[in-house]
Amino acid sequence: MHRAHPIGGRLVTPFTTLLALLSLIALWVLAQRFVHGLGAVTHLNNGYPWGIWVVFDVVVVTGLACGGYVVAFSVYVANRFQYHPLVRPAMLASLLGYGLGGLGAVVDMGRYLNVYNLVLPGQMNFTSVMLEVALCVAIYILVLTVEASPAFLERFRLHRHQRKLERVMFVFIALGLVLPTMHQSSLGTLLVVLGNQIAPLWQSYELMPLLALLSAAIMGFSILLFEGFFSQLGFRRASEAPLLAAFARPVAWLLVVWLVVRFAELTLRGKLGYAFVPSGLAAAFWLETLLFALPLWVLLSPQRRRRAHLLLVAAVAMILAGAVYRVNAFLIAYATPEGYHYFPSATELSLTIGLVALKILVFIIVVKRFPIISAPARS
Amino acid sequence: MNRRDFLKGMAGGAGAVAAGGASSAEARPNREPAPEAVAMLFDSTLCVGCKACVTKCKTVNGMPPETRADETLPLWDSAPGLSAKTLNVIQAYTDGTAEVKDRETDGFAFVKRNCMHCVDPGCVSVCPVSAMTKDANNGIVFYDADACIGCRYCVYACPYDVPQFDYASSYGAISKCQFCNQQGVERLDHGLLPGCVEACPTGATLFGTREEMLAEARRRLALTPGSEYQYPRETLDAGLEVPSTVPAYYPKIYGEEQGGGTQVLHLSGVAFDKLGLPILPERSFASRSEGLLHTIYKGMFAPVALFAGVAWFARRNLQRQAQEHAGDPAEADSPRDDAHDDRG
């Protein structure tokens, strides 16, 4: 096992330049949004009040930022310290992902100057799932900052601070497990109040938090696998495929639990029939279900699991599965009165793309200059 | 900890959430109507579609007229539906040749759309900053733009498509009917009627307490179709009766039980879903959502227990790890002063 070290190398490459350009476009959209309002840059309307800035930038992206959550559980609670090399990249990616989610939420807020009301006890509404999500995510971003800080303390040789922090790190690790359990499950609870405005294939009421939490864990595992391969190829590191293959084992069980819970709920509540009525919703359901089921073909077989390209395909399928489930539940399954349509505008899309580009750009810069990645350079 | 424990742990966290879900079925019943709940009874069979209520609403609330795209001068209001500029609107159901009023096939019917002032409102339940509130006494659902953060969860959650956010503004707000009693209008406090009720020439929109309106609605449903009835105008005791022939009512009061009940009640000659009113179960979705949330977070017991558990495991495992690798610099977790960059 090797110590984490900065990858080094040039910061300005064609890829980072492209990412910077996409980020700049996002910055321009951001300016337009604050000067001219939401209507000027989005296709949001009162039939579709939540578009991709909420459903992708917050709901999907924070799910994909659950790598830190999953790795912290595996390493520190399940005592699997062989996966410790995954901690630093995972915490950095999670911090950036949640930062992006938080920024996305504020950008989407119509009356952002009133945001302080979320922390005024007289204004806080404790029946609101949104309040729970907002506060929990805000605190978790702070916790992630602490969890991601050892690499920076090490780089700046603040060893005394680092040692002090390590003595209390277990508190932040525990917070970093409790908070995502709370707000990731609450992302499902958000939809319960919508009742029959959410199509029956997705409205599972009291099971919503469980499904949201399972999808968060699946997305967390799969993004770690994806990031592992991304680092290996992009930064020319030695293969971590055996480590990743071993790490991927529990996710197969998560997928099995997912499919059992999902189909049991649909069957017991007599809603499975909707999946066989030819419709866009049924197609969306089967696409989602296939994306959850197909990775099992790779993950349940020890031979196939060890083949890096198959594991990568499984990881991408699971990332898409989680993303498609959440977009389905929040947008596709949302029944809106006649006459409303929504498809994100070009400016709306470019902000989302630009924010993701910014996240990747910062990740690359940090990895090149700070000790995040442990895998040695490919010989 | 072996693999079995690992999986058990993974399932345990999810299990806590699932258990919360299973036991929350009746954790919070529907809210009861406010003690002096005010109400409107809209009788679709009396509405002639004159839209006097729409105009009056705009005057009272200082809202601009909404014109069609091909109109160059805003001479009159042509609002097609609720919007940031329209709190109250009359819409029509039509079928086939639309010959006969209040008939489902080849007929038509009018419906008045404004905030239903739910007995157990979703918008109030979901608002993170209490910008939507339900008056404890008269049950009116009020909106406070100074508190609102513009998250639009109320727009997303409302089954009636009522709260309307103003996307055209650079710093928009929500618009919705507040029974003409919001700050700066306060018609009820001054002993006046809501604008739409005052303007209605046929008594299609009637004002009173929820109890009075439910009693009047039940009275109408009990009448024999074809007989004469003195339909009250404005309120039950304003002395402004209009005689009219009793139509064949659809035999239900919309808003009596729907979604936990509403303070705007509807009577109609056609089925309510034809008028665009959603069919909702008696248990309010707000009660179901709050019941679930409060079961999971009751006394913060589950989160605190989870925190204590994982903190204990994390601390123990970190200590063990530090002991195992105390004399092993290559795998040591703690930083050493000779740590160096091997960049390049």
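In which sense, left-handed or right-handed, does H3(A) pass H14(A)? Hi everyone, let's start there.

This is a predicted model, where local features need pLDDT of at least 70, side-chain atom pairs count only at pLDDT 80 or more, and totals for chains, interfaces and linings use all residues. Residues are numbered from 1 along each chain as its sequence is written, with chains lettered from A and ligands numbered from 1 in the order written.

So, the crossing of H3(A) and H14(A) is right-handed (clockwise: the near helix is turned that way from the far one by less than a right angle). Helices (H or I, at least four residues) and strands (E, at least two) are DSSP runs, numbered from the N terminus. Helix H3, residues 52–64, and helix H14, residues 308–332, both of chain A, pack at about 145° with axes 10 Å apart. Those axes are lines fitted to C-alpha atoms over the stretch in contact, and angles run from 0 to 180 degrees between N-to-C directions. Among the residues that meet are A:Val59 from H3(A) and A:Phe330 from H14(A); contact means C-beta atoms, placed from the backbone, within 7 Å.

Next, the chain pair. The contact takes 66 residues from chain A and 70 from chain B. On the chain A side, H8(A) gives the most, 15 residues.

Finally, a sheet. Chain B has an open sheet of 3 strands, ordered E2-E4-E3, with mixed pairing (strands pair if DSSP finds at least two bridges between them). E2 and E3 of chain B are at the edges with a single partner strand each, so one side of each lacks a neighbour in the sheet. E3(B) and E4(B) run parallel, joined by 2 bridges; B:Val100 has B:Gly107 as its bridge partner in E4(B).

Methods. Two residues are in contact if their C-beta atoms, placed from the backbone, lie within 7 Å.
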